[in-house]
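Keep the viewer open as you read.

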Amino acid sequence: MQNCNGHHNHGGSVPHYPVPRRRQAVCPLVPVPLILLSPPDHRRPPPSIPHRRGVEDSEEAGGVHVPSGGELRTVTLPDAMLSYFDPADGELRTVTVAELTAGKKVILFAVPGAFTPTCSQKHLPGFMEKAGELKAKGVDTVACVSVNDAFVMKAWKELLGLADGSGVLLLSDGNLELTRALGVEMDLSDKPIGLGVRSRRYALLAEDGVVKVLNLEEDDAFTTSSAEEMLRLACSDAVAAERAITCGFCGLHAVAVAQVGDAKRLACSDPVAGTRFLGTYWGTVSTAFCAEIVESADAYLLAGPIFNDYSSVGYSILLRKDKAVVVQPDRVTVGNGPTFGCAMMRDFLSVLAKRVRPNTTAYDNYRRIFVPGGQPPECEAGEPLRVNVLFKHIQRMLSGGSSVIAETGDSWFNYQKLRLPDGCGYEFQMQYGSMGWSVGALLGYAQGAPDKRVIACIGDGSFQVTAQDVSTMLRCEQRSIIFLINNGGYTIEVEIHDGPYNVIKNWDYTGLVDAIHNG
């Protein structure tokens, strides 16, 4: 990679990235700005550049005001009218979301339909069971919302034996006011059971109308919106703070947002936040259709990027420097122009969030070309386990009480496809690509976070480098899970420099663990 002075740069103090020829997008797109998130590099010292404060509305500053300080915007629930039968007198009442949440800590969870199996057997009963514990955690109101009329909700309540003082309020969103305001409606008109337009399954935690957490389920999943998960998050200040900061970074507008490989778990994709999440932008291995939108944008806001051969997948990213605003922890660089020091990332992004205008074009184009990924076929009897089937099962194992560790190589790319529930940790060693790091990282992570079930995916070559750490895991009675991907050697090295030294001895891995455990 060459910087603007023509010198090669492999991770110097100021990041540069290649400017290759443009490639054609999959289909004609209207290019618009977007935000690309990456974890900031706090190791670098600030460069020796002139410090300039308070740049206001100048052409070279891109028309952005950068003062010292600033506050993150809040994410407020949209107002909508809901209805219910008052348990006190049996009369039909209405309540607005504003009235329901004003001055209170509230959990709202939505189900696709009353009387449906998952909603009746798991989702609502779970909150009925945990209502008392949620109240003890400071939650004032727990309410279930469904696109059904109030009479259906009343009949459902009676069928399930939900007592008036049970602590769960059933609310009708029969006109889809709240559902459409949140952007979580789904059209099931093509289904033979005749559900029509309903709400996606979700659960959110709000304080005084301000959303702290929103767990939106994908497709038919029921994982992150459960009562158990919301109970865990009810007093989690760290999770709430991380979500608020991330939403502030995203501008709280309808600007398209993507993340790079090592920023997984940072991006905020909640519809209530107003952001539009495209997926992972990672060169040639980007999420489907993400690269086409990113690379055709008029401009990019890059928050904390580090561009090297790993993070760009062999410099396969196709971004233009003159279209980028690069935001580092202590400075902002605008295109090929000036760098402004003493502009802290948090301050810059917080103020920018208040000035960005809504622009849905990039996300609209993404939705126009997006095709959902299919499910891998099940393994036949006697067929060796395939990687795509393995990771389908790993996805189902994840919850807010788990963490995942991805080893260098094959595991990188497979773990990037996982959807992480709120609270699920993710460790991904990008900047050095050190094979074997994950075994020791697994040991340390599990010891430091005993409340987490750590799931690691490690290749055979990497595992052989530091396999002895399994002995300490056993001695400390850790409950981690290692999925060992047996590729028969250092397969990532084959792509860089092939040779017989990349082939390794195939161990009896379960026998090794038995020997270490020794009864």
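Does Pro87 count as buried or partly exposed? Pro87 counts as partly exposed because its relative accessibility is 41%; the scheme calls a residue buried under 20% relative accessible area, exposed over 50% and partly exposed in between, using a 1.4 Å probe and protein chains only.

## Ground rules

What you have here is a predicted model, so local features need pLDDT of at least 70 and side-chain atom pairs count only at pLDDT 80 or more, while totals for chains, interfaces and linings use all residues. Residues are numbered from 1 along each chain as its sequence is written, and side-chain values use heavy atoms, with hydrogens and water left out.

## The whole chain

The chain holds 16 helices and 20 strands. Helices (H or I, at least four residues) and strands (E, at least two) are DSSP runs, numbered from the N terminus. Of its 519 residues, 51% are buried.

A contact here means heavy atoms within 4.5 Å. Take the contacts in the chain with a separation of 6 or more: 66% of them are between residues 24 or more positions apart.

Helix α2 covers residues 117-136, 20 residues in total. From first C-alpha to last it reaches 29 Å, close to the 28 Å expected at 1.5 Å a residue; that expected span is 1.5 Å times one less than the number of residues. Even so, α2 has a kink of about 55 degrees centred on Lys130. The bend at a residue is the angle between axes fitted to the seven residues ending there and the seven starting there. Just after the helix, Gly138 takes a positive phi of about 100 degrees.

Which residues of α2 are buried? They are Cys119, Ser120, His123, Leu124, Gly126, Phe127, Lys130, Ala131 and Leu134. An α-helix has 3.6 residues a turn, so residues three or four places apart point the same way. The cover over the buried residues of α2 includes strands β4 (105-111), β5 (141-146), β6 (168-172) and β9 (202-207), along with helices α3 (150-159) and α5 (227-233).

Val168 sits in strand β6 and counts as buried because its relative accessibility is 9%. Leaving out residues up to four places away in sequence, Val168 touches Phe109, Leu124, Phe127, Met128, Ala131, Val142 and Leu162.

Over in strand β2 (residues 81-85) you'll find Ser83, buried at 17% relative accessibility. Beyond its neighbours within four places in sequence, Ser83 contacts Leu92, Arg93, Thr94, Ala150, Leu170, Leu171 and Ser172.

## Loops worth a click

Back to Pro87, which lies in the loop between β2 and β3 (92-96). Pro87 and Ala163 are 76 residues apart in sequence, yet 9.1 Å apart in space, C-alpha to C-alpha. Gly174 lies in the loop between β6 and α4 (177-182) and is partly exposed at 39% relative accessibility. With neighbours within four places set aside, Gly174 is in contact with Ser146, Val147 and Asn148. Its C-alpha is 9.3 Å from that of Arg198, 24 residues away in sequence.

Two residues other than glycine have a positive phi here. Tyr315, with phi of about 60 degrees, is in the loop between β13 (300-303) and β14 (324-328). Cys342, with phi near 55 degrees, belongs to the loop between β16 (339-341) and α8 (345-355), and is partly exposed with a relative accessible area of 35%.

A cavity is a set of points, on a 1 Å grid over the protein atoms alone, where a 1.4 Å probe fits but cannot get out; lining residues have an atom within 4 Å of a point. Grid points are joined across faces, edges and corners, and a volume is the space filled by probe spheres set on the points. By this rule there are four cavities of 30 Å³ or more.

The largest cavity has a volume of about 110 Å³. It is lined by 15 residues, and those closest to its centre are Thr408, Gly459, Ser462, Asn487 and Thr491. Helices α11 (410-415), α13 (460-466) and α15 (491-496) each give two or more residues to the lining, with the largest share, three residues, coming from α13. The lining divides into four nonpolar, nine polar and two charged residues, where Ala, Val, Leu, Ile, Met, Phe, Trp, Tyr, Cys and Pro count as nonpolar, Asp, Glu, Lys and Arg as charged, and the others, Gly among them, as polar.

Technical notes. 1 Å grid on protein atoms, 1.4 Å probe; cavity = no way out; pocket = protein on both sides within 12 Å on 5 of 7 lines; lining within 4 Å.
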